Amino acid sequence: MTKQEALYQYLLQLGDNALIQSHRLSEWCSKGPILEEDLALTNIALDYIGRAQNLLHYAGEVEGKGQSADQLAYRRPEHQYYNNLIAEMPKGDFAFTIAKQLLISTYELLLYTELCHSKDETLAGIAGKAIKEVRYHWTHSRDWCYRLGKGTVLSNELLQQAVNDLWMYTGEQFEMGAEEELMLKEVIGCDNKALQNKWLEMVETVLSDSNIKIPTATYNQSGGRKGIHTENMGHILSEMQYLQRAYPEAIW
Amino acid sequence: MSTDTQLDLWEVFIQSRPGSHYTHAGSVHASDNQMALQNARDIYTRRNEGTSIWVVPAKYVSASNAEDAGMFFDPSNDKMYRHPTFYVMPEGAKQI
Amino acid sequence: MDAIAIENAFQEKIDKDLNIEPKDQMPEKYRLHLIRQISQHAHSEVIGMQPEGNWITRAPSLRSKQILLAKIQDEGGHGLYLYSAAETLGISREEMIEQLHSGKAKYSNIFNYPSLNWADIGAIGWLVDGAAIVNQVSLQRTSYGPYARAMVRICKEESFHQRQGYEIMANMMKGTNEQKAMAQDAMNRWWWPSLMMFGPHDSDSPNSGNAFKWKIKRQSNDVLRQRFIDKTVQQAEVIGLSIPDKDLKWNEEKQCYDHGEINWEEFNQVINGNGPCNKQRMAHHIKYHNEGAWVREAAAAYQKHINELN
């Protein structure tokens, strides 16, 4: 694998995480628990779409075959998407979305802090913009964890259930593939493994402050980074790619 | 009785530039001050309108009564000596 | 002051074009008229999120998805500004939502039509928001201060909505034959309902008398509708869309377009619940309102818990 190939792959991973997470968050539109929160969740979705656009655009440049961000977002087959499985988990109820956002944002907070120092200036620039957004996403989901965890018996149960259900998809975030090892060596990417302890510490703090127990199950499901997804992914793509696939000649 | 609620009403004040006054932007619903601040941010600063936000529970805002406008505001009508233009300055004096 | 004196003092203010503010004395009928109108306006913004939301996950490009999401978010924000304006009149948002669910409060008929292809997103922005803007610009001068201020903010934010819709239509009219057909199909379905948004003819408009006297409403339904038609016809021509009205023609003498008669039978049917999506829109709102109840309760309970600690 060349450095260029590894960087392309690395950017697709980052871009796909943002793309698929934006898709799930945008499903909240007109379905929020209160109008204010409807706007808050779509604001987060907009941050993610913007990030996906930047990362996929750059991926297309790095690949050098003239693929636009839209072509990468809308025309790849399922096994060529490399997001973490946690991103494609269904929207679920509000507790599920909040738990998912906390688990992802905590990882992204650590990841993008590192990527701000990437030797690749474009990536460092994207990370510099992303880190501000991520801090807000993290704060927003942390505060809601407190409210749900310490709110009512029901809200505590639902949040606990969400954390339990998502836990097996969190470990994948810290895996290192060949392209990531190469990116780390080049001081472009980040050592995911090194983030895990800090991640766990931060997540444990928020959850214990929310009266939520850390799951004890140790099984981890992964595969997204290799293009092997859950059954959710095909449905996401069949919606997302519908117009692009049904009218391949059209420009929108 | 249902315990359902649309949460409390808060008034939002936005400072549009550092150093400028905070002006009333509108209201949001929220259960606590952090939520009120975040909601105000998501609703009233989506187009770069703000550099800082205040939120105040609407129940703590007191407003003057329209019927009191006469006694509240009219008495200051005739006190022109509070304005610099009231004073006659000697011809030729500078920087005053 | 007795009721007549209050009403006289109030009308004097109105006649001087002064705004009425929440703590000012106002006739009960004025207050109720405003609550009805502003809450209906707020509900329209919120229900209007649904037909557009229907296409978010299928938006065909990252740019179009961003724009659509930002636009729907604005609609939600506008609903919120309007609920706040109505709340200054002594009704809570809970009560307004209850009235929506019980059918006591209405929302704009236009959102009882389905969004069936991507060009509908263009048509909603260009025609539906275009019609709404004509009305809202006029309402910036409405007599109730909080309502007028909400309108000023809304008009400022809405200015991109119509343009993005028109841009979608223009792009599709430059595209493949299939895209052109979609655009014309959307035009055909949204044109007449857009004209209905302005409400009945002035001669059949039951609520207008007081609304004019109190300067809640500043211009009549027919005047506003005509303004919308006159500016939209030219925009359609530029991009090659035809207006689905065989009676539409330029009237040289009046310097405006004559148009065919609106199907008021359909208008009344939809108002009375018999439109393509009435039940669906309401069921959606009720479902997600109910599903959110435990979240709102949790937030309120958490706050209570915090207050007890302090």
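These legends walk through several close-up views of a predicted model. Local features are taken at pLDDT of at least 70 and side-chain atom pairs at pLDDT 80 or more, while totals for chains, interfaces and linings use all residues. Residues are numbered from 1 along each chain as its sequence is written, chains are lettered from A and ligands numbered from 1 in the order in which they are written, and side-chain values use heavy atoms, with hydrogens and water left out.

**View 1. Where chain C meets chain A.** Here 43 residues from chain C and 49 residues from chain A are in contact (heavy atoms within 4.5 Å). The two chains bury about 3900 Å² between them, 70% of it on carbon and sulfur atoms; buried area is the accessible area (1.4 Å probe) that two parts lose on being put together, summed over both. On the chain C side, Leu62(C), Gln73(C) and Trp294(C) lose the most area to chain A, together 19% of what that side buries.

**View 2. Polar links between chains C and A.** There are 15 residue pairs in polar contact here, with both residues at pLDDT 80 or more. A polar contact is a pair of N or O atoms within 3.5 Å; within protein, one must be able to donate a hydrogen and the other to accept it, and residues adjacent in sequence count only if both atoms are side-chain atoms. The count of salt bridges between these chains is 1 (a side-chain nitrogen of Lys or Arg within 4 Å of a carboxyl oxygen of Asp or Glu). Look for Glu36(A) and Arg93(C), whose side chains meet in a salt bridge at 2.7 Å, N to O.

**View 3. Where chain C meets chain B.** Now find the 23 residues of chain C that are in contact with 22 residues of chain B. Chain C and chain B bury about 2000 Å² between them, 48% of it on carbon and sulfur atoms. In chain C, the residues that lose the most area to chain B are Lys23(C), Arg153(C) and Arg296(C), together 26% of what that side buries. The count of salt bridges between these two chains is 5, and there are 12 residue pairs in polar contact, both at pLDDT 80 or more.

View 4. Arg46(B), Arg47(B), Asp74(C) and Glu157(C) are linked in a network of salt bridges. Within this group, the closest N and O atoms of Asp74(C) and Arg46(B) are 2.4 Å apart. Glu157(C) meets Arg47(B) at 3.6 Å, N to O.

**View 5. A salt bridge within chain B.** The side chains of Asp42(B) and Arg41(B) meet in a salt bridge at 2.7 Å, N to O. Asp42(B) is buried, with a relative accessible area of 1%, whereas Arg41(B) counts as partly exposed at 27% relative accessibility.

**View 6. Two spots in chain A.** Arg142(A) forms a salt bridge with Asp143(A), and their closest N and O atoms are 3.0 Å apart. Asp143(A) counts as buried because its relative accessibility is 5%. At the other spot, Gln9(A) counts as buried at 17% relative accessibility. Leaving aside its neighbours within four places in sequence, Gln9(A) is in contact with Tyr82(A), Glu179(A) and Arg225(A).

Methods. Buried means under 20% relative accessible area, exposed over 50%, partly exposed in between (1.4 Å probe, protein chains only).
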